[in-house]
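Hi,

Here is the structure I promised to pass on. Have a look at it first, and my notes on what turned up follow below.

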Amino acid sequence: MTSTPDPQLLKGVLSLLLLRLVAERESYGYELVQRLRVTGLSEITDGTVYPALARLEREGRISARLVASRSGPARKYYRPTEEGYRALAEGARNWLSLAELVTPVLSRPVPAEPAPPSEES
């Protein structure tokens, strides 16, 4: 069963995911939506991804070029800039470091009720 991630949590990491995907393969917006859905983010929408791509482009972390398409209008393909590669490396390092700290705490079984406060020394 795939659960829908909290939109606020996803918002915090979406830029990193997009940078990672375009670092792996130059892609256009709808293709990125599809690739994210394949990872399990099944309910991610165009309305979430396109504004994030526009923000990354404004920040100079990705660049875009138009490529003619046989199935319709030209597509805008994205790839990381040097700044994008730096942001990806730093962001991934920070995210993985945070996950390493948070995961053991959140993985503990949740008790039925909180324990009484400990004695102050």
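**What I found**

S15 counts as buried, because its relative accessibility is 18% (buried means under 20% relative accessible area, exposed over 50%, and partly exposed in between, with a 1.4 Å probe and protein chains only). Before going on, a word on the basis: this is a predicted model, where local features need pLDDT of at least 70 and side-chain atom pairs count only at pLDDT 80 or more, while totals for chains, interfaces and linings use all residues. Residues are numbered from 1 along each chain as its sequence is written, and side-chain values use heavy atoms, with hydrogens and water left out.

Back to S15, which sits in helix α1 (helices are DSSP runs of H or I with at least four residues, strands are runs of E with at least two, and both are numbered from the N terminus). Setting aside neighbours within four places in sequence, S15 is in contact with R55 and L56 (contact means heavy atoms within 4.5 Å).

**α1 against α2**

Helix α2 covers residues 29-38, and its axis lies 11 Å from that of α1, at an angle of about 105 degrees. Axes here are lines fitted to C-alpha atoms, for helices over the stretch in contact, and angles run from 0 to 180 degrees between N-to-C directions. The two helices are therefore roughly perpendicular to each other (65 to 115 degrees; under 35 is roughly parallel, over 145 roughly antiparallel and the rest oblique). On the α1 side the contact is made by L14, L17, L18, L21, V22 and E24, which meet L32, R35 and L36 of α2. Seven of the residues in this contact are nonpolar, two are charged and none is polar (Ala, Val, Leu, Ile, Met, Phe, Trp, Tyr, Cys and Pro count as nonpolar, Asp, Glu, Lys and Arg as charged, and the others, Gly among them, as polar).

The buried residues of α2 are G29, E31, L32, V33, R35 and L36. They pack against α1, β1 (27-28), α3 (46-58) and β3. E31 is a charged residue that counts as buried, at 16% relative accessibility. Leaving out residues up to four places away in sequence, E31 touches R25, E26 and Y77. After α2 comes G40, with a positive phi near 120 degrees.

**The second largest pocket**

Which residues line the second largest pocket? They are L9, L10, V13, W95, L98, A99, V102, T103 and L106. A pocket is an open set of points on a 1 Å grid over the protein atoms alone, where a 1.4 Å probe fits, with protein on both sides within 12 Å along at least five of seven lines; lining residues have an atom within 4 Å of a point. The space in this one is about 180 Å³, the volume being that filled by probe spheres set on the points, which are joined across faces, edges and corners. α1 (7-24) and α4 (82-106) each supply at least two lining residues, and α4 gives the most, with six. Eight of the lining residues are nonpolar, one is polar and none is charged.

**Either side of α4**

T81 is in the loop between β3 (72-80) and α4, and is partly exposed at 21%. Apart from neighbours within four places in sequence, T81 is in contact with G60, R61, I62 and S63. S107, in the segment after α4, counts as exposed at 55% relative accessibility.

Cheers
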